[in-house]
Each structure stands twice: as structure tokens, then as C-alpha cells.
Amino acid sequence: MAARVLVVGESTGDLLSASTAKCVACAREIAPDVEVAVFASRAAPVAAAAAALAGVTRVLHVEWPAPALAAALAPEVARLAAGFTHVLGPSSTFGKDLMPRVAALLGVGQISDVMRVLDPQRFQRPIYAGNAIATVRAPAGRTVVATVRLASYAAGAAAREAAPVDARAPVGAPPSHTRFVELRSQRADRPDLQTATRVVAGGRALGSTDNFARLYELADELGAAVGASRAAVDSGFVPNELQVGQTGKIIAPELYLAIGISGAIQHLTGIKDARTIVAINRDPDAPIFEIADVGLVADWASAVPELLAALRAAPR
Amino acid sequence: MVCIKRVVDYNVRVRVKPDGTGVAVDGLKMSINPFDEIALEEALRLKERGQAGEVLVVSIGAADAQQQLRTGLAMGADRALLVEAAAPLEPLGVARALHALVARERPDLVLLGKQAIDDDHAQTGQMLAALWDRPQATFASRVEIAGTHATVTREVDAGLEVIEVDLPAVVTTDLRLNQPRYVKLPEILKAKKKPLDVLRLDSLGIDARAEIVVERVDAPAPRARGIRVRDCAELVTVLRQRGVL
């Protein structure tokens, strides 16, 4: 049977999220033609945006009053899944919330965080926070439900011609047991740690909350978010939400600057997808240097002001 | 009801077996999955605030998961239940087992970690909620119980989403929800006297066969070897050359 792939589109407000184009890119490794389901209000430009992605042959626009909650959405997606061999969603919080609920309604397992498609039934995915890569095979003759690891895919080109949009009303009534209250977006002066392209992080070596504050100046110079090792969090220098690592945030910025961080395994796990890792540590044998692209053996207290001076002085 | 999984401790570096059959876990320190520990801590706090009558801690897995259940009892759970399974289960199998337990135990709230740090599936809670046809509140960073419903703050990509769910419901916990307590020695001794029941997976009458085959497990491609620089000026020069700055 030829593969038929449905991508569950994600939208934020009235806009199609970038995650959808990445899912379509993954889906095209399974089959050349992809259909996308979007859940949005009638007027939202979400369906048109999905229809403009290369490889998309049809958009199913389910007219949906925002916001979309998993408990309400899952039965709709499970109904739409009929006739498809694969149903893919993004491994964003939206997709992680929704897709396992869809899989369970369909009575199948889910393949989480697909990073590579080997063939329509075989996929690679990270386990142990990326410290190992599993090759898994989905059973033949069952719907394959999967989420797509967004860091592994780039959005494809725009289509030459927009795909047709098939608008429809939802089939079922949403359950009353789950109610949306509000969304508080975290708008701040500083970039968000999870999505920042640059991150400056400090460890236990900084010694105090006051010393840690000196990293903020460096972060502001770089336009970076601030993170911390678990040791720094456990020492009470910074709040929990700054923790980077397997039990904190797993991040993949363009630049990760680790200052006074020795590099416990669980911390390294949280940063190893960063494009460039820079480590500044007094101890030349610190494990952080094993994965750093650029290392500097220096005490943080002298290095931070020197680095600030070098950033401000050097010609761009 | 709190569901915990026995996993390799988060501080241990795992190694992939050279023959590609999996990750070598023999002899490694094993712990409660950290996110599940947060789930248990939250249940204990609900009880301490008078919002929960009893805290039941359950695990689905091999016999040695009794160690982690004992730790859960030492943290303060009232009783423990192990569903002993001969082979590892997939999240759907675990969710089916939990669904069977929910029918027996009739909890008002099921708490579990948002994901286990070994397989990183992040599926079980959502699957249980689907099978049970009850609300789910995943990635919780705040849980407030008020009568017959709970208000849960969820950590989502766009910020913090607040939803209200009728009880019973399934809540999966994120890191920021709380800091689990340390277990004190007298509690460990006391926990030995608390009830820990063992059920066989077969007795639940569910289909828990694994369907997704793990063909092999490989180590990730290693990072290219890095360089050392002498000072901050050289560091800035190197980063500019590489187009990072």
C-alpha cells in the first residue's frame, strides 16, 4: 500500500507555526505528497499558509474556535486519520500534548521525536536525551503516529501553486471537562532560554548570586539568554527555571558559552546539540572541555570582564 | 495515584553497547525518574494541605522497581503497588496497565512525570487520559485543587497556559512544579513497614505486547574535537572567524 501522510498543523494565534513546514519536510521523506490538517477559525490565514508549502496536495481546514486543547482535538484528528498510513505532528508542546492522545485513541503506539526517516516503517529517534540513537520499526498494516524532532528538519521551499483547501466543521462536540483559562506569554527584555540563539550559562564556580549577576552584563552584550548548571541552581544562586541539562532545559542554541561550569554528564546532555560550545573554566581537566568547540582555561572572575572588553573593542 | 518509573540515575553517563543491541545499564545506579519524583512530591504536598486523603505510588516494570517504590514510601506515600512485567512495556502498554489500575483504585488525580529520561517518549500520561476518557494537563508547573476541579498552569512553547480540568484527571509534571524532598533515615526505616503489593501484569487482562521494534541503538555522531585559545581576545577572534559572533 502506498504511504499516505497526514501532517497535523500547528498554529499560534492566527498564524501557521514554523513547526508545520518542518513536519511537512519530514513527511516528504515518507511520501512525496502530503496532506495537512489545520485547526483554526474560518478567517485565519492558517490554511492558506499550509496550502503554500511545497509537497502539500490538500489542506483539511477544520474550523475551530481557538484555542485548541488536546482533549478536544484528539478525537477529531483520530477521525481524520482514517485512510492515512501515517499521521505526523510536531514535537513541540502542542504536538507532544496532542499526538499520544491521538495514538491511544487509534490503539497504536507512537514514535516520538523522529530525527530521520529510513523508510516508511523505520525511523531514527534520540533516547537518553540524545546520548543514544534508536532505530525503530513500526508494525506493518497499522497507522504510524509520530512526532517530528524540529531541530532535525528545515522548512522546505514554497509551492509553485497553492494546494486546494477543504474547509469543514468539526464532527464532534468538544468535551466540557477541560476548559481554557488563559495564555500568559513570557515577553521579557531578555531572550527566552529555550529558544534563544545565544546562551551564557554559569556554574557553581561563580560562588554567589551577586557574582552570577555579572553574567547578565555579558549576556546583554551578546543578546543572549542566561542559563545555569544544576550545581548553581542547587547552590541557590539562581532560580530553577534557568537550569540547563537533562533535568532542566535541553537547548540547542547557535552559541553556548559555559562559564565556571565543570560539565556534569546531565548538563552536557542538555547542551550537546548547540552549534558552537565555548567553555571557560579554571580547571584544564574539566569535562566541559571534552565537548567544547573552543576552550579557554581561565578564572571566570577575570575572564568575564576581559571578554566584555574584547567584545566591545574588537572590530566587527 | 502517582506513577513512577525506575530509570538510570540522571547523573550517570550511559554507554551504548558496541553490538548495537541497546544501552548498557547493568550495575548502574538506578533511581526514580526525576519527573516522576516531582509528581510524587506534588501528591505529598496535596496530602499535607489536606487536599488528598491517600497517596498511592505505582510502578509497572521488573521486580527490582520495588526499590524505587520503597523510596516513594520513604518520601511519604501511604502504600505502593508494583505491576510486575517480565518484558519492557511500551508507553501504550503502560497506559493500558494504568487504566486497569485506575478502574480498581478510582483515584481523583493521577500524577506522573512528563517523560522518562531513558526512552524520552513523553506519551504515557496522555495515553492514559485518552483510554480513561478524562482530562489531561501536561507539563504542569502549578497545580491547584478546588473542589471538583483543578487549575493547572502548563509550560508551553508560547509561555504559560492555564487550564481548568474536572476531576478525575491526569496531570504530567514539569521541572518547575516543585523541588522534591530529601528522604531522611527514619523515614526509610518506617517505609519498610508500609504496604507494597505486587500484581502480575497477566492478571490485569490487557494487551501489553510491544509492537514497535527497536532494531538497534547507536552512539550519536561525536562532536569534532575542539581547540584551546589563550585569552579572551583570541576567543572573540575565533568566534568572529567562524561566523558565530
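Let's start on strand E15 of chain A, residues 225-228, where A:Ala225 and A:Gly227 point one way and A:Val226 and A:Ala228 the other way. All four of these residues are buried, and buried here requires 20 or more other C-beta atoms within 10 Å of a residue's own, with C-beta atoms placed from the backbone. Helices (H or I, at least four residues) and strands (E, at least two) are DSSP runs, numbered from the N terminus.

A quick word on the model, please. It is a predicted one, in which local features need pLDDT of at least 70 and side-chain atom pairs count only at pLDDT 80 or more, while totals for chains, interfaces and linings use all residues. Residues are numbered from 1 along each chain as its sequence is written, and chains are lettered from A in the order in which they are written.

Back to E15(A). Strand E14 of chain A, residues 198-202, runs parallel to E15(A) and is joined to it by four bridges; two strands pair if DSSP finds at least two bridges between them. Across that pairing, A:Val200 sits opposite A:Val226.

Now to the open sheet of chain A. Which order do its seven strands take? They go E7-E11-E6-E1-E4-E5-E12, with parallel pairing. At the edges are E7 (110-114) and E12 (165-168), each of which pairs on one side only. From one strand to the next, the twist averages 25 degrees.

Look at the E12 end with me. Strand E5 of chain A, residues 56-63, pairs with E12(A) in the parallel sense over four bridges, and A:His61 stands opposite A:Ala167 in E12(A).

Touching means contact, with the C-beta atoms of two residues within 7 Å, and angles run from 0 to 180 degrees between N-to-C directions, with axes fitted to C-alpha atoms. Helix H4 of chain A, residues 93-106, touches E1, E6, E7 and E11 (144-148), at about 175 degrees to the direction of E11(A).

On to the two chains together. The contact takes 67 residues from chain A and 68 residues from chain B. On the chain A side, the residues divide into 35 nonpolar, 20 polar and 12 charged. In this scheme Ala, Val, Leu, Ile, Met, Phe, Trp, Tyr, Cys and Pro are nonpolar, Asp, Glu, Lys and Arg are charged, and the others, Gly among them, are polar.

How do H9(A) and H6(B) lie relative to each other? The axes of H9 (residues 300-313) of chain A and H6 (residues 232-241) of chain B come within 8 Å and cross at roughly 50 degrees. The two helices are therefore oblique. Residues of H9(A), including A:Leu307 and A:Leu311, meet residues of H6(B), including B:Leu235 and B:Val236. By class, that contact has eight nonpolar, no polar and one charged residues.

Chain A comes to nine helices and 18 strands, and 57% of its 316 residues count as buried. Chain B comes to six helices and 15 strands, with 46% of its 245 residues buried.

Methods: Angles under 35 degrees count as roughly parallel, over 145 as roughly antiparallel, 65 to 115 as roughly perpendicular and the rest as oblique. A residue is buried if 20 or more other C-beta atoms lie within 10 Å of its own, exposed if 12 or fewer, and partly exposed in between; C-beta atoms are placed from the backbone.
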